[in-house]
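Subject: Structure for you to look at

Dear colleague,

I am passing on the structure we spoke about, and below it I have written down what was found. Please keep it open beside you while you read.

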Amino acid sequence: MHDTGMEKLSVVIAGASGLVGGELRKVLTEIPEVSELIVLSRVLLPELGPRTRNVVVEYHRLADFLPEFKADVFMCCLGTTLRAAGSPDAFKKVDYGYVLDFARCAQRAGAKQFHLVSAVGADESSPFLYAQTKGHIEIDV
């Protein structure tokens, strides 16, 4: 590995077992400037790359895990579907509540950057629950 002159960064990903989070996880393991990758998931994930640590969390108790999250960059790929969640309230709990909790953890940890995967058409005034929830979280984060 050669020295690129770039600062080494530690990164935390929430939602690393999903489609977007899983792909992001793969990409980040290939970047030499990422010195540590902390992958948050509800279950232990197989086949993690080098410099990667998996932390199994309960997202409804995310603040309890705060000491684990000392990193420069926080990336949020949390999300579900209404069908998977089972109800509008359960959907909002994940796509709004858990995301906001993760953003607050990043702030308390002194993160240099916070990245949020949202959605095309996110709009707090949308009549559609998905777009409306994504719009609200973009504003509040």
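Lys26 is partly exposed in this predicted model, because its relative accessible area is 49%, which lies between the limits of 20% and 50%. Its side chain meets that of Glu23 in a salt bridge, with 3.3 Å from N to O, and Glu23 counts as partly exposed too, at 43% relative accessibility.

Together with Leu19 and Val117, Val20 makes a nonpolar surface patch of about 280 Å².

The count of salt bridges comes to seven, and one of them joins the side chains of Glu7 and Lys112 at 2.5 Å, N to O. This pair links distant parts of the chain, since Glu7 sits in the segment before strand 1 and Lys112 in the loop between helix 3 and strand 5, 105 residues apart. Glu7 is partly exposed at 48%, whereas Lys112 is exposed at 53%.

Another salt bridge, at 3.4 Å from N to O, is formed by Glu36 and Arg53, which lie in strand 2 and strand 3 respectively, 17 residues apart.

Finally, helix 3 and helix 4 pack with their axes 10 Å apart and at an angle of about 20 degrees, which means that they run roughly parallel. Their crossing is right-handed.

Best wishes

Technical notes. Residues are numbered from 1 along each chain as its sequence is written. This is a predicted model: local features need pLDDT of at least 70, side-chain atom pairs count only at pLDDT 80 or more; totals for chains, interfaces and linings use all residues. Side-chain values use heavy atoms; hydrogens and water are left out. Patches are made of residues with over 30% relative accessible area and no salt bridge: like charges are joined within 9 Å, nonpolar side chains (Val, Leu, Ile, Met, Phe, Trp, Tyr) within 5 Å. Accessible areas come from the Shrake-Rupley method with a 1.4 Å probe; for residues, only the protein chains shown count as cover. A salt bridge is a side-chain nitrogen of Lys or Arg within 4 Å of a carboxyl oxygen of Asp or Glu. Axes are lines fitted to C-alpha atoms, for helices over the stretch in contact, and angles run from 0 to 180 degrees between N-to-C directions. Helices (H or I, at least four residues) and strands (E, at least two) are DSSP runs, numbered from the N terminus. Angles under 35 degrees count as roughly parallel, over 145 as roughly antiparallel, 65 to 115 as roughly perpendicular and the rest as oblique. A crossing is left-handed if the near helix is turned anticlockwise from the far one by less than a right angle, and right-handed if clockwise. Buried means under 20% relative accessible area, exposed over 50%, partly exposed in between (1.4 Å probe, protein chains only).
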